[in-house]
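Subject: Structure for your review

Dear colleague,

Please find below the structure that I am handing over to you. I would be grateful if you would read the notes after it alongside the coordinates.

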Amino acid sequence: MSASQAAGALAGKRVLVSAGPTFEDIDPVRFVGNRSSGKMGFALAAAARALGAEVVLVAGPVHLPTPEGVERIDVRSAAQMREAVLGALPADVYVGAAAVADFTPRSVSGHKLKKTAGSDTLVLELVRTPDILAEVASHPRRPALVVGFAAETHDVERYARGKLAAKQLDLIAANLVGAAEGGFERDDNALDVYWNGGARTLGPAAKTEVAAQLMALVAERLDGST
Ligand code: PMT
């Protein structure tokens with residue numbers, strides 16, 4: 001694809017991106033969260049916009065400016081993210097870059113939990129959150145291209161291809177995460193992208209650059225699927 005073709009490669013397409021962490025409240029002052037900064041998802045939203053798409057960005061609690069020309073919906077919890085994502089359908093493309101909490105407290109205390117005299121432990125009961133990505137992929141208004149992310153600390157290809165098949169995705173972008181490897185929070189990243197019958201490595205490079213490459217690949221795959 002030439003540079004001029006790439007410039008408008010997603011013109012006329014509606015791209016829905018999720019980004020950032022979700023915070024699952026325990027009580028009015030505490031929550032369960034994770035280290036996602038939203039940088040990867042925000043870079044993807046900006047890259048899709050740069051390719052001419054109409055972009056909706058569903059953002060967990062992050063401190064980042066909204067990319068120009070992008071519609072942003074702020075949410076806090078996995079349940080709120082699910083509602084916002086499903087409410088933003090139909091779309092041509094969904095990219096699930098958010099680090100959605102897999103578990104949430106069974107109940108949220110209405111008051112700050114107190115230390116109990118004589119007890120050194122606190123037991124929190126956590127229940128599974130809905131899998132937004134799997135729900136989008138099996139939705140009656142399924143986007144033509146559903147792109148998942150996989151954050152793995154080891155056996156990246158095996159787990160990523162497992163998620164590709166189990167969640168019936170079109171593409172999965174896997175990154176190695178961990179204290180040393182990064183993925184979370186940093187300004188750079190590397191992605192191994194898998195689909196049925198193919199794979200491509202993007203980066204290591206700035207998240208903005210990796211995002212531009214992933215969105216170009218999305219446009220290419222979308223072209224092939226329509
Ligand atoms: O935000 P940054 O600091 O820039 O970091 C970027 C990142 C590391 C968060 C990002 O690149 C990334 O890997 N995002 C996905 C993180 C993740 O939650 O991966 P997972 O392997 O646990 O989840 C797999 C997929 O299912 C993801 O697309 C996730 O959005 C989705 N999911 C997971 C659970 C759930 N309840 N609903 C979901 O939709």
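This is a predicted model: local features need pLDDT of at least 70, side-chain atom pairs count only at pLDDT 80 or more; totals for chains, interfaces and linings use all residues.

The largest pocket holds about 950 Å³ of space. Its lining comprises 44 residues, and those nearest the centre are Ala98, Ala99, Val100, Phe149 and Ala151. Among the elements that each supply at least two lining residues are α2 (39-50), α4 (132-137) and β9 (145-152). By class, 20 residues of the lining are nonpolar, 15 are polar and nine are charged.

Serine 18 belongs to strand β1, residues 14-19. Its relative accessible area is 1%, so serine 18 is buried. Beyond its neighbours within four places in sequence, serine 18 contacts Gly41, Val58, Met81, Tyr94, Val95, Gly96, Ala97 and Ala98.

In helix α3 (residues 78-87), the buried residues are Ala78, Met81, Ala84, Val85 and Leu86. The elements covering these buried residues include β1, β4 (54-59), β6 and α4.

There is one aromatic pair in the structure. The ring centres of phenylalanine 23 and phenylalanine 31 lie 4.0 Å apart with the planes at 15°, so the pair is stacked. Phenylalanine 23 is buried at 15% relative accessibility, whereas phenylalanine 31 is partly exposed at 38%. Arginine 76 is placed over the face of phenylalanine 31, 5.3 Å from the ring centre. Elsewhere, arginine 158 has its charged end over the ring of tyrosine 159, at 4.9 Å from the centre of that ring.

Yours sincerely

Terms used:
Residues are numbered from 1 along each chain as its sequence is written. Side-chain values use heavy atoms; hydrogens and water are left out. Helices (H or I, at least four residues) and strands (E, at least two) are DSSP runs, numbered from the N terminus. Buried means under 20% relative accessible area, exposed over 50%, partly exposed in between (1.4 Å probe, protein chains only). Contact means heavy atoms within 4.5 Å. On a 1 Å grid over the protein atoms alone, a cavity is a set of points where a 1.4 Å probe fits but cannot get out, and a pocket is an open set with protein on both sides within 12 Å along at least five of seven lines; lining residues have an atom within 4 Å of a point. Grid points are joined across faces, edges and corners, and a volume is the space filled by probe spheres set on the points. Ala, Val, Leu, Ile, Met, Phe, Trp, Tyr, Cys and Pro count as nonpolar, Asp, Glu, Lys and Arg as charged, and the others, Gly among them, as polar. Rings of Phe, Tyr and Trp (its six-membered ring) pair if their centres lie within 6.5 Å; planes under 30 degrees apart count as stacked, over 60 as edge-to-face and the rest as tilted. A charge sits over a ring if NZ of Lys or CZ of Arg is within 6 Å of the ring centre and within 35 degrees of the ring normal.
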